[in-house]
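Work through the exercises below with the sequence and the model open. Each task is followed by a solution in steps.

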Amino acid sequence: LGSAMRPNGPVLDNTGPWLFTPTSWADLHWDLNVQLAYMPTLASNHVDLGLSLMRFMNSSRVRASLKANVPKQFQRDSLAAPASGSSDDALQSCYWSHSKSCLTEPGMHKGAIVGNLLWVCHVMFLHYRYTMDSQTLVSTTYPLLHGAVAYYLHILTKGKNNQWHLPPTASPEYKTNGPDTNYDLALLRWGLQTLIWISKEGSFARDGALAPAPLVQKWQETLSALAPYPQDHITGYHIASGVPLKVGQRHFSHLLMVYPLHLESWLNSSAAQQATIQKSVDHWVSLCQPKDGAKGGCAGYSYTGAAFFSLLMGRADAALSNVTELLEVRATKTGNKGMGGVVGPNTMYGERCKKMWPEPCPCMETPLHAADSMQGMLLQSGAGLVDVFPSVPTSWGEVVIHKLRAEGAFLVSGRFRQGRAQFVAVKSLVGAKLMIRPRVPGPVDVIPSTVKLVPVDNTNEVFVADGLLTGQTILIYQSGKEHEEGQFKISPAPSKFAHRNFWGKH
């Protein structure tokens, strides 16, 4: 990550700064690769590296390309990102596939991927949430989000049920198009909700700071009548209306409402909704896996995606197994029938892209997303909650984290041992409200005493830190218990030297 990015450097594409020949993927892929490559900059507290994406998206050349990617009749207010595009200006380019598979115009052909820009905007919005940099949100993310949603507003149609429906579009990597794809419905829902939130937040909306002007009433009306996610009671979420998931597919494009958008939250869902999420994930994974020597649909990022779904459903050991399989099992299957990819000894990853080329074409995002999924085992944040040590695998006897970053611009440190957190330290960088699940056995106490931990309910598991100031650090620990000297000191967890893979996997 640090070798591939610089805050003032170019946007990270599939090959990064290294030259691989031959490769047909020396460009930006906007239907997953760009997004996953930038996710690990957040919790790892390397948000400065994410500035390369912000700078790229804010350039006039890229804005012009995103405008040119939509049909001419919508270019006055709409923007879209292609499936693949130039690393210089994001103009859609289909040279590597020689087909319409990367175009953004709706239709029943294989192309018509409309939602990619909204997914990039989600990553950019997370950059705001982790830094609380409102200036970049207003000047860069909001205009892009406005333009991406505007394109959808042009192509939506009202059905007989008085709901807004989408024309046939593509769900990335799936062979069959259909109306109301879950990829687009999830991203549009998130985009509408986020635009409404930004427009109603006083610090953003005052004095006409938002441009283009907010369309709050239109957004609210569209959101309230947007078609539901196509699904059934057996396999869960479909690809699109009338298009259930029937064949192995490596992309989790039909499941974005669960991850990474978190519109359907496992923790806040009913038992019935949790059952739908579990069926959907299990069905996707079952078709993705190779069976009886037959080719499956999985790629490397299928395993990192499965790891995140496992984390969200409380399957910590399954999540670790997903990452382990990527690093250990898939690495033995170069040119394999299950996945045309390989993880090298240095954790660089590539997939076979041309039959005549013996070496895999590089895909930077997969090992980076694997790192992101491991960060998710140790720290998760969203919906105003910082969750510390949420999904630590049982085989990890002791874990230490130091200055991981959470939404709200908090730096989180702590030690986890024997199935529980010993202590958690949180520094507030900007003075945002902190709601935290520290997972320290109760009753808990806090230093300094000027900060009070106020429980949000009678479970005494989640607290609001009342009185936490900008620049202040609090220490949360189990009260009424004798503590060993140095117990609250941050130091590396003990490990065997042979297990310290300084330079990669081996």
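## Exercise 1: The disulfide

The sulfur atoms of C288 and C298 are 1.8 Å apart and form a disulfide. The model is a predicted one.

Task: state which parts of the chain the pair C288 and C298 ties together, and how many disulfides the count comes to.

Solution.
1. A disulfide requires two cysteine sulfur atoms within 2.5 Å. The sulfur atoms of C288 and C298 are 1.8 Å apart.
2. C288 belongs to helix α10 (residues 271-288), while C298 is in the loop between α10 and α11 (300-312), so the pair joins parts that are ten residues apart in sequence.
3. The count comes to one disulfide.
4. In general, such a link is a covalent bond between the sulfur atoms of two cysteines.

## Exercise 2: Burial of cysteines

Task: decide whether C288 is buried or exposed, and do likewise for C298, C121 and C363.

Solution.
1. The cut-off for buried is a relative accessible area under 20%.
2. C288 has a relative accessible area of 1% and is buried. C298, with 6%, is buried.
3. C121 has a relative accessible area of 0%, so this residue is buried.
4. C363 has 3% relative accessibility and counts as buried.

## Exercise 3: Aromatic pairs

Task: classify the ring pair of Y128 and W197, then the ring pair of Y259 and F309.

Solution.
1. Planes under 30 degrees apart count as stacked, over 60 as edge-to-face and the rest as tilted. By this rule there are 17 aromatic pairs.
2. For Y128 and W197 the centres are 6.3 Å apart and the angle between the planes is 50°, which makes the pair tilted.
3. Y128 is in helix α5 (residues 116-131) and W197 is in helix α7 (residues 182-200), so this pair ties together parts 69 residues apart in sequence.
4. Y128 is buried at 7% relative accessibility, whereas W197 is partly exposed, its relative accessible area being 35%.
5. For Y259 and F309 the ring centres are 6.0 Å apart and the planes stand at 80°, so the pair is edge-to-face.
6. Y259 lies in the loop between β6 (236-237) and α10, and F309 in helix α11, 50 residues apart, so distant parts of the chain are linked.
7. Y259 is buried, with a relative accessible area of 3%, and F309 is buried, with 1%.
8. Ring pairs also place Y259 and F309 in a cluster with F252, W284 and F308.

## Exercise 4: An open sheet

Task: give the strand order of the open sheet of five strands, and name its edge strands.

Solution.
1. The order is β12-β13-β14-β19-β16, and the pairing is antiparallel.
2. β12 (398-406) and β16 (444-447) are the edge strands, since each pairs on one side only.
3. From one strand to the next, the twist averages 15°.
4. β14 (residues 420-428) and β19 (residues 473-478) run antiparallel and are joined by five bridges. V424 has I476 in β19 as its bridge partner.
5. β16 and β19 run antiparallel and are joined by four bridges. Opposite V444 stands Q478 in β19.
6. Five of the six residues of β19 are buried, so this strand is largely enclosed by the rest of the structure.

Key. Residues numbered from 1 in each chain as written. Predicted model: local features only at pLDDT ≥ 70, side-chain atom pairs only at ≥ 80, totals over all residues. Heavy atoms only, no water. Helix = DSSP H or I, 4+ residues; strand = E, 2+ residues; numbered from the N terminus. Buried < 20%, exposed > 50% of the residue type's maximum accessible area, 1.4 Å probe, protein only. Phe/Tyr/Trp six-rings, centres within 6.5 Å; stacked < 30°, edge-to-face > 60°. Pairing = 2+ DSSP bridges. Axes fitted to C-alpha atoms, helices over the stretch in contact; angles between N-to-C directions.
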